[in-house]
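Take a moment with the chain below.

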Amino acid sequence: MKKLPLLCIGLLSTTWAQAQPTTNAPWPTQPVRLLVGFTAGGPTDIVARALAEPLGKSLGQPVIVDNRPGANTIIAAQAVAQAKDGHTLLMAATNHTMISALYSRQIQFDPVKSFKAVCRIGASPTVLVVGPQAGFSRLADFLAKAKSQPRGVTYASPGQGSSVHFAGEDFAQRAGLQLTHVPYKGAAPAIADVMAGQVMASFASLGSVLPSIKSGKLLALAVASPQRVSALPQVPTFEESGIKGYRADAWYGVLAPAQTPEPVLQKLQTEVSRFVTSSAGADRLQQLGMDPVLACGDEFDRQIAAETAHWSQLARQLKINDE
């Protein structure tokens with residue numbers, strides 16, 4: 001695992017100087033910043049923007065999406081962990097639980113203890129996709145090929161240590177397979193090469209590949225969710241196909257700094273929940289290829305802690321951390 005550039009490490013120390021609100025003060029008293037650790041246009045950014053406008057209306061202050069890409073989302077997470085203004089939040093995604101697994105020696109915050117969960121607002125299951133020329137029409141074909149030719153089946157990911165990399169290796173361990181990981185610099189070129197037949201498969205977030213599946217450019221073999229998804233009712237789950245216990249949701253949710261007062265958290269949880277449970281909010285999330293799956297406070301905190309521990313253990317086994 002490459003070391004983070006010194007410039008990135010320096011940027012992580014940036015904080016805001018305004019005082020944290022007291023528990024009795026009205027909140028919010030100024031615009032709220034919702035930090036995103038990715039560039040504009042990606043799935044996390046799109047979800048953040050879908051939430052920002054209705055959340056701002058219900059809070060009575062604008063919610064401004066602030067993109068802070070770089071260092072595998074560490075720059076944005078560090079800024080929120082250290083924020084003292086009381087009006088800074090993080091739009092987190094699944095990869096947040098992988099940060100300590102990959103950069104344990106380099107981060108200056110704890111992905112679990114440095115934050116308080118507001119709410120998870122949606123989840124998009126991972127789907128195993130192949131190109132039309134790969135020769136697989138169902139998961140059984142994929143498994144048979146992988147078992148007969150160890151390392152002969154390739155899968156693409158956006159990069160070493162990405163959520164897709166973790167999802168692929170987790171699947172391989174559960175299925176007793178040896179797959180060959182092919183890392184790319186981003187999701188777009190990875191999926192493009194799967195469609196072109198340069199790589200056999202990828203474990204992708206459903207929302208990011210659904211249009212390509214519907215157009216026939218990709219074939220979905222299985223979804224890593226407890227039940228079949230409404231967008232692809234004909235595609236079986238991994239459980240149905242014999243891979244027990246395999247789940248790989250790409251979730252999205254809002255986190256606040258650990259020192260955020262409880263009344264502020266409760267207000268945020270109420271208003272974020274209002275968005276997710278509204279017909280307009282649920283419809284918008286479904287349009288983005290995800291299910292509106294609400295989990296707030298302690299429930300979301302427990303999920304983050306459990307996933308952080310799981311991915312850290314897997315990273316040690318695969319030796320893909322920074323040690």
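Which residues does Pro31 touch, not counting residues up to four places away in sequence? Pro31 touches Gln61, Pro62, Ile64 and His87, where contact means heavy atoms within 4.5 Å. This is a predicted model, in which local features need pLDDT of at least 70 and side-chain atom pairs count only at pLDDT 80 or more, while totals for chains, interfaces and linings use all residues. Residues are numbered from 1 along each chain as its sequence is written, and side-chain values use heavy atoms, with hydrogens and water left out.

Stay with Pro31 for a moment. Pro31 sits in the loop between α1 (6–11) and β1 (32–36). Helices (H or I, at least four residues) and strands (E, at least two) are DSSP runs, numbered from the N terminus. Pro31 has 37% relative accessibility, so it counts as partly exposed. The cut-offs are these: buried is under 20% relative accessible area, exposed is over 50%, and partly exposed is in between, with a 1.4 Å probe and protein chains only. Pro31 and Pro292 are 261 residues apart in sequence. In space, C-alpha to C-alpha, Pro31 and Pro292 are 26 Å apart.

Now turn to β4, which spans residues 115–130. Of its 16 residues, 15 are buried, so β4 is largely enclosed by the rest of the structure. Its pairings come next. Two strands pair if DSSP finds at least two bridges between them. β4 runs antiparallel to β9, with 9 bridges joining them. Here Pro125 has Asp249 of β9 as its bridge partner. β4 and β7 (residues 201–205) are also antiparallel, over 5 bridges.

Leu128 stands opposite Ala222 in β8. Arg120 has Ala295 as its bridge partner in β10. In a regular strand the side chains alternate between the two faces of the sheet.

What do the buried residues of α10 pack against? They pack against β4 and α9 (262–277). Helix α10 runs over residues 279–287, and its buried residues are Gly281, Ala282 and Leu285. Seen down the axis of α10, these buried residues fall within an arc of 95 degrees, so they line one face of the helix. The arc is that of the directions from the helix axis to the C-beta atoms. An α-helix has 3.6 residues a turn, so residues three or four places apart point the same way. The face of α10 turned away from the buried side carries the exposed residues Ser279, Ala280 and Gln287. Just after α10, Gly289 takes a positive phi of about 85 degrees.

Helix α3 has another pattern of burial to look at. 9 of its 9 residues are buried, among them Ile74, Gln78 and Gln82.

Where is space left inside? On a 1 Å grid over the protein atoms alone, a cavity is a set of points where a 1.4 Å probe fits but cannot get out, and lining residues have an atom within 4 Å of a point. Grid points are joined across faces, edges and corners, and a volume is the space filled by probe spheres set on the points. There are 2 cavities of 30 Å³ or more.

The largest cavity holds about 70 Å³. Its lining includes Gly37, Phe38, Thr73, Asn95, His96 and Ile99. The elements giving two or more residues to this lining are α3 (74–82) and β3 (88–93). β3 gives the most, with 4 residues. By class, the lining has 8 nonpolar, 4 polar and no charged residues. Here Ala, Val, Leu, Ile, Met, Phe, Trp, Tyr, Cys and Pro count as nonpolar, Asp, Glu, Lys and Arg as charged, and the others, Gly among them, as polar.

The second largest cavity has about 30 Å³ of space. Trp27, Gly86, Pro257 and Leu268 are among the residues that line the second largest cavity. β3, β9 (249–257) and α9 each supply at least two residues of that lining. The lining of the second largest cavity divides into 6 nonpolar, 3 polar and no charged residues.

Technical notes:
On a 1 Å grid over the protein atoms alone, a cavity is a set of points where a 1.4 Å probe fits but cannot get out, and a pocket is an open set with protein on both sides within 12 Å along at least five of seven lines; lining residues have an atom within 4 Å of a point.
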